Amino acid sequence: MSTFSPSDNSSFDVGHARIAIVVARWNAKITENLLIGARHGLTDYGIAEKNIDLFRVPGAFELPLACQKLAQKSIYDGIIVLGCVIRGGTPHFEYICGETTRGIGQVTLQESLPIGFGLLTTNDLEQSELRSGVIFNDSENENKGKEAALTVLEMISLFSKLGSL
Ligand code: DLZ
C-alpha cells in the first residue's frame with residue numbers, strides 16, 4: 001500500500017498538459033521502473049503519449065541542469081525527475097543528494113514550474129527496489145515515479161484553477 005494520497009485527483013484539470021520526464025541512468029534497473037510508474041500515472045489521467053517527452057541524463061547530479069534547460073524552453077507544464085542514489089561507504093551520497101535536491105528546488109521556484117521529485121535516496125538496494133516497485137512486500141506496493149507524476153498533475157491542476165481566479 002502506498003503512503004501517498006492525492007487530495008482530489010478525480011477532479012484533476014490537466015487537459016492537454018505537456019510533460020517532460022528526465023531519468024538518470026545510474027541504478028538503471030530502479031530508475032527504469034520509476035519511469036514505468038510515472039508513465040502509468042500520467043496516462044491514467046489522460047495525458048497522451050505524444051505529450052510526454054523523455055530525456056535521459058548520466059546521474060542524479062545532472063538532473064537539475066537538465067530541468068533548468070527544459071524549463072527555459074517554456075513548452076512544458078511540468079517536469080518529472082527520476083533518479084536513485086544509494087548510500088555507499090563515503091560521504092559522496094550526502095553531496096549528491098544534497099546538491100541534486102537543492103538544484104531541483106531552485107529550478108522549481110525560479111521557473112515557477114511544477115517538478116515531480118522522483119529521486120530515491122536510500123540506505124541500500126532493497127529500499128530502492130521496494131520504493132520503485134521492482135519488488136513488493138505485504139505492506140508496501142509503491143512506485144515513487146508514479147507518485148511524482150501524480151504530484152505534478154495535481155500542481156498543474158492547481159495552477160490551472162489559480163489562473164482562472
Ligand atoms: C558518481 C555517482 C555515484 C557514486 N553514485 C550515484 C548514484 O547512486 N546515483 C546516481 O544517480 N548517480 C551517482 N553517481 C553519478 C553522479 O550523479 C554524476 O552523474 C557524476 O558524478 C558525474 O557528474
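How many of the six residues of β1 are buried, and is the strand enclosed by the rest of the structure or open?

Modeller: Happy to, and please keep in mind that this is a predicted model. Six of the six residues of β1 are buried, so the strand is largely enclosed by the rest of the structure. The cut-off behind that word is a relative accessible area under 20%. You can follow this on both faces of β1: Ile 19, Ile 21 and Val 23 are buried on one side, and Ala 20, Val 22 and Ala 24 are buried on the other.

Let's turn to the strands that pair with β1. Strand β1 covers residues 19–24 and runs parallel to β2, residues 52–57, with six bridges between them. Within that pairing, Ala 20 stands opposite Asp 53, while Val 23 stands opposite Arg 56. To get from β1 to β2 the chain passes through helix α1, residues 28–44, and this β-α-β crossover is right-handed. Strand β1 is also joined to β3, residues 78–86, by five bridges, and these two strands run parallel as well. Ala 20 takes part here too, with Ile 79 as its bridge partner in β3. The chain contains five helices and four strands, arranged along the sequence as β-α-β-α-β-α-β-α-α. Its radius of gyration is 15 Å, close to the 15 Å that the globule rule gives for 165 residues, so the chain is as compact as a globular protein of that length. The C-alpha trace spans about 50 × 35 × 25 Å along its principal axes. Buried residues make up 44% of the 165 residues. Of the contacts with a separation of 6 or more, 78% are between residues 24 or more positions apart.

Begin with Leu 119, which lies in strand β4, residues 115–122. Leu 119 counts as buried, at 7% relative accessibility. Beyond its neighbours within four places in sequence, Leu 119 is in contact with several residues, among them Val 81, Gly 83, Cys 84 and Val 85.

Next, find Ser 128 in helix α4, residues 125–131. Ser 128 is buried, with 0% relative accessibility. Its side chain makes a polar contact of 2.7 Å with the side chain of Thr 122. Residues up to four places away in sequence aside, Ser 128 touches Ile 30, Cys 84, Ile 86, Leu 120 and Thr 122.

Finally, look at Lys 146 in helix α5, residues 144–163. Lys 146 is partly exposed, with a relative accessible area of 31%. With neighbours within four places left aside, the contacts of Lys 146 are Leu 34, Gly 37, Ala 38, Gly 41 and Asp 44. Lys 146 and Gly 118 are 28 residues apart in sequence, and their C-alpha atoms are 8.3 Å apart.

Key. Residues numbered from 1 in each chain as written. Predicted model: local features only at pLDDT ≥ 70, side-chain atom pairs only at ≥ 80, totals over all residues. Heavy atoms only, no water. Pairing = 2+ DSSP bridges. Right-handed = clockwise from strand over helix to strand, strands pointing away. Rg over C-alpha atoms; globule rule 2.2 N^0.38 Å. Buried < 20%, exposed > 50% of the residue type's maximum accessible area, 1.4 Å probe, protein only. Contact = heavy atoms within 4.5 Å. Polar contact = N/O pair within 3.5 Å; in protein donor to acceptor, adjacent residues only side chain to side chain.
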